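Let's take a walk through a protein model together.

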Amino acid sequence: MKVPAIPSATAVLAVWWSVLAGCASAQPASDDHANHEQPGKELVVFLSAEAHNISSSGSTETLNEDAWFAADIVLALTRDRFRLFGEYLLTTEEHDLERFQLGYELVPNTLIWLGRYHQPASAWNTEHHHGRYLQTSVTRPSVELWEDEQGIVPQHIAGLLVDSRRPLGESAGLQVSVGAGLGPRIEEGKLEAFDLVDPHESGRHVSWTARLAYLPDYAGQSSFGLVAAHHRIPVVDGSIVNLPQTTEVQQDVYGAFINWYADQWKVVAVVYDIRIDLRGPGTSRREHFVAGYLEADRQLPNGFTAFGRIEDSGNARNSTYLAGNYPDFELRRFIAGLRWDVRPRHAITLELARGETIRARQNEVRLQWSAAVP
Amino acid sequence: MKRLLYAFAAGLAIWLGLARPAGAEDRLLLLVSAESQLTALSSLEVHRLFLGLTVVVNDQRLHALRNDSDELMRRVFFQNIVSMSESVYDRRMLALTLQQGRAAPTVLNNTRAVLDALAADPDAVSFGWAVDVERDPRVKVLRVLWRR
């Protein structure tokens, strides 16, 4: 969502970041406390710059994630069991407080968060969030796009999130995340997430999201699991293109994912079953489609990583909702690329893609520099 | 011929002796404050602690302090304690912050600072070469993490 540069929004933003900065610089109340609390803080900025060429036979809209420059500022503060976390994204296209969460660690590795967070039912976004340096490919799969980038699934929720990692047997683990909070609205045909800086909460409903993952190694990165989400999304301006009498869109998402890390290989496979119910006075239209992707990354010598991704969908072409409101949703796409980690925390990535949307076919070439500082 | 062999053997012994670092550097010790109630920590717990996960033992929430004093210690840390390459560990720590809002373990680049930090925090866990730490009464050795 684009934040208009209005004084009140800026003032609210200044307050949020002052709170963070104040906590970051705060001293312990006494030396005795200092001995046991060990405050920790981490400030990381993920930077990226991109040049691209996209040939399209139909679409005239700028494709997603194509801002030529992006800075994702992440600040994490830890004090004993408390956490304060903020993520602010600044690009040539938008600036937005993406996440702002206050957390408390109930028991070891089980946290309860309050604030605006990324919903845990997205397999990709819970891994990479807005930090482009941490994803191998330049682009994210179409089904995982953010709301303000023509994303079809709500990704930002404002409310409560419980995230727990528990041991299972000697070395395995189980990760459970459950979130409930204010979901998006549909305005001007697109999802509009709840914005902490410029809140418009009227008409919003509670969204539910959940993720259950088995971790073969409790401290490792591999995971296999299931996700589910339920959203009731009010349409505030009759902007469902093919069914303008729609006043509410109900969306249910069920999915399964695999994140598999082994030596030089990383494989991510995800499939979502998305059910849409378009509701209006005296009308209801139900449709569903399947979308998924498979990405494989292979590390090569000298800091190179080769990667490829297949995105595909089933029945999405027949969706009235997608055809009217998301004509640039990628029905299928093939991606191949090469990433070169030039030096620590700096990478250059070349990505070639051939995609097909409801209204066009296109070839995409992207060259990206990404980094994490310090 | 015998003289030549003796000379060769002596030369080899001297060369090997010179090539090795100080003998006391052969042991990397797991350390806590002398005031800590902690008496043992398993390899798995050490591994999880330095990967940024919360580890609680006997109601003590432990804090990892990474000693990054020299190149050999760094190599032992990546190979034996966290069992991954430096670049993979770095990405894990970035992901830790991005995914879980956690700060990565504090890194100190000299053992003196590590010993001071351990002395000030009974919940802190770190490591150091035996030669640098064994005579410091402020710290307690839990076990040997690595020996040559």
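We'll begin with the ground rules, then look at chain B and its sheet, and finish with chain A.

This is a predicted model, so local features need pLDDT of at least 70 and side-chain atom pairs count only at pLDDT 80 or more, while totals for chains, interfaces and linings use all residues. Residues are numbered from 1 along each chain as its sequence is written, and chains are lettered from A and ligands numbered from 1 in the order in which they are written.

Start with chain B. You'll find 6 helices and 7 strands there; helices (H or I, at least four residues) and strands (E, at least two) are DSSP runs, numbered from the N terminus. Following the sequence, the pattern in chain B goes α-β-α-β-β-β-α-α-β-α-β-α-β. Chain B has 148 residues, and 32% of them are buried. Here "buried" says that 20 or more other C-beta atoms lie within 10 Å of a residue's own, "exposed" is 12 or fewer, and "partly exposed" is in between, with C-beta atoms placed from the backbone. Now think about contacts, where two residues have their C-beta atoms, placed from the backbone, within 7 Å. Of the contacts in chain B between residues at least 6 apart in sequence, 69% link residues at least 24 apart.

Next, the sheet. Strands of a sheet pair through backbone hydrogen bonds, either parallel or antiparallel. In this description, two strands pair if DSSP finds at least two bridges between them. Chain B has an open sheet of 5 strands in the order β5-β4-β6-β1-β7, with mixed pairing. β5 and β7 of chain B are at the edges with a single partner strand each, so one side of each has no neighbour in the sheet. From one strand to the next, the twist averages 25°.

Zoom in on β1(B). Of its 7 residues, 6 are buried, so β1(B) is largely enclosed by the rest of the structure. β1(B) pairs with β7(B) in the antiparallel sense over 7 bridges, and it also runs antiparallel to β6(B), joined by 5 bridges. L31(B) makes a handy landmark: it stands opposite V141(B) in β7(B), and its bridge partner in β6(B) is S126(B). For a parallel pair, look at β4(B) and β5(B), which share 3 bridges. There, L65(B) has T106(B) in β5(B) as its bridge partner.

Helices pack on this sheet too. α3(B) touches β1, β4 and β7 of chain B, and its direction makes about 80° with that of β7(B). α5(B) touches β1, β4, β5, β6 and β7 of chain B, and its direction makes about 150° with that of β6(B). For these angles, axes are lines fitted to C-alpha atoms, for helices over the stretch in contact, and angles run from 0 to 180 degrees between N-to-C directions.

Which residues of α5(B) are buried? They are T111(B), V114(B), L115(B) and L118(B). They span an arc of only 95° around the axis, which puts them on the same side of α5(B); the arc is that of the directions from the helix axis to the C-beta atoms. Two of those names come back when you find R138(B), in the loop between α6 and β7 of chain B. Leaving aside neighbours within four places in sequence, R138(B) is in contact with S33(B), A34(B), L115(B), L118(B) and A119(B). R138(B) is partly exposed, because 14 other C-beta atoms lie within 10 Å.

Now to chain A. How many residues of chain A are in contact with chain B? There are 24, and they meet 24 residues of chain B. β1(A) gives the most to that side of chain A, with 4 residues.

Most residues other than glycine have a negative phi, and most peptide bonds are trans. N109(A), though, has a positive phi near 65°, and it counts as buried because it has 20 C-beta neighbours inside 10 Å. E188(A) has a positive phi of about 50°, yet it counts as exposed because it has 9 C-beta neighbours inside 10 Å. Finally, V373(A) and P374(A) are joined by a cis peptide bond, with omega about 0°.
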